[in-house]
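Please give me a short briefing on this structure. Keep it brisk, and group the points by topic.

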Amino acid sequence: MATSGMFWQPAFIGTYLALGADRILFAVDYPHESIEEAVDFMDAVPICDNDKEKIYHLNAERLLTLHS
């Protein structure tokens, strides 16, 4: 699941509880969505910082094997 187009906390929290932070990727459908709005949304969701880091980049790094 990706966050693109899902700037509604009830939908996000339901998905987060059902799938867990390990199965969500941060995404923005630019130019149709605002990158700033997407980041503001993710910064505001009531989840721990470790899970936000997974969603923002760690899951994509793991999935795409982008280890530095």
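Pro 31 sits in the loop between α1 and α2. The peptide bond leading from Tyr 30 to Pro 31 is cis, with omega near 10 degrees. Helices here are DSSP runs of H or I with at least four residues, strands are runs of E with at least two, and both are numbered from the N terminus. This is a predicted model, where local features need pLDDT of at least 70, side-chain atom pairs count only at pLDDT 80 or more, and totals for chains, interfaces and linings use all residues. Residues are numbered from 1 along each chain as its sequence is written, and side-chain values use heavy atoms, with hydrogens and water left out.

**Backbone**
- Thr 65 has a phi near 45 degrees, a positive value in a residue other than glycine.
- Most residues other than glycine have a negative phi, and most peptide bonds are trans.
- Thr 65 lies in the segment after α3.
- Thr 65 is exposed, at 61% relative accessible area. Exposed means over 50%, buried means under 20%, and partly exposed is in between (1.4 Å probe, protein chains only).

**Nonpolar core**
- The largest nonpolar core has nine residues: Phe 12, Tyr 16, Ala 21, Ile 24, Phe 41, Met 42, Val 45, Ile 47 and Ile 55.
- The elements giving two or more residues to this core are α1 (9-19) and α2 (35-44).
- Such a core is a set of buried Ala, Val, Leu, Ile, Met, Phe, Trp, Tyr and Cys residues joined through side-chain atoms within 4.5 Å.
- Tyr 16 is in contact (heavy atoms within 4.5 Å) with Ala 21, Ile 24, Ile 47 and Asp 51, leaving aside its neighbours within four places in sequence.

- Ala 38, Phe 41 and Met 42 are buried in α2.
- Seen down the axis of α2, its buried residues fall within an arc of 95 degrees, so they line one face of the helix. The arc is that of the directions from the helix axis to the C-beta atoms.
- An α-helix has 3.6 residues a turn, so residues three or four places apart point the same way.
- The buried residues of α2 pack against α1 and α3 (49-63).
- Exposed Glu 36 and Asp 40 are on the face of α2 turned away from its buried side.

**Salt bridges**
- There are two salt bridges in the structure. Each needs a side-chain nitrogen of Lys or Arg within 4 Å of a carboxyl oxygen of Asp or Glu.
- Asp 22 pairs with Lys 54 in a salt bridge, with the closest N and O atoms 3.0 Å apart. Asp 22 is in the loop between α1 and α2 and Lys 54 is in helix α3, so the pair ties together parts that are 32 residues apart in sequence.
- Asp 51 also forms a salt bridge with Lys 54, and here the closest N and O atoms are 3.9 Å apart. Asp 51 and Lys 54 are three residues apart in helix α3, about one helical turn.
- Asp 51 is buried at 13% relative accessibility. Lys 54 is partly exposed at 26%, and Asp 22 is partly exposed at 42%.

**Distances**
- Glu 53, in helix α3, is 33 residues from Gly 20 in sequence and 13 Å from Gly 20 in space, C-alpha to C-alpha.
- Gly 5 lies in the segment before α1. Gly 5 and Cys 48 are 43 residues apart in sequence and 21 Å apart in space, C-alpha to C-alpha.
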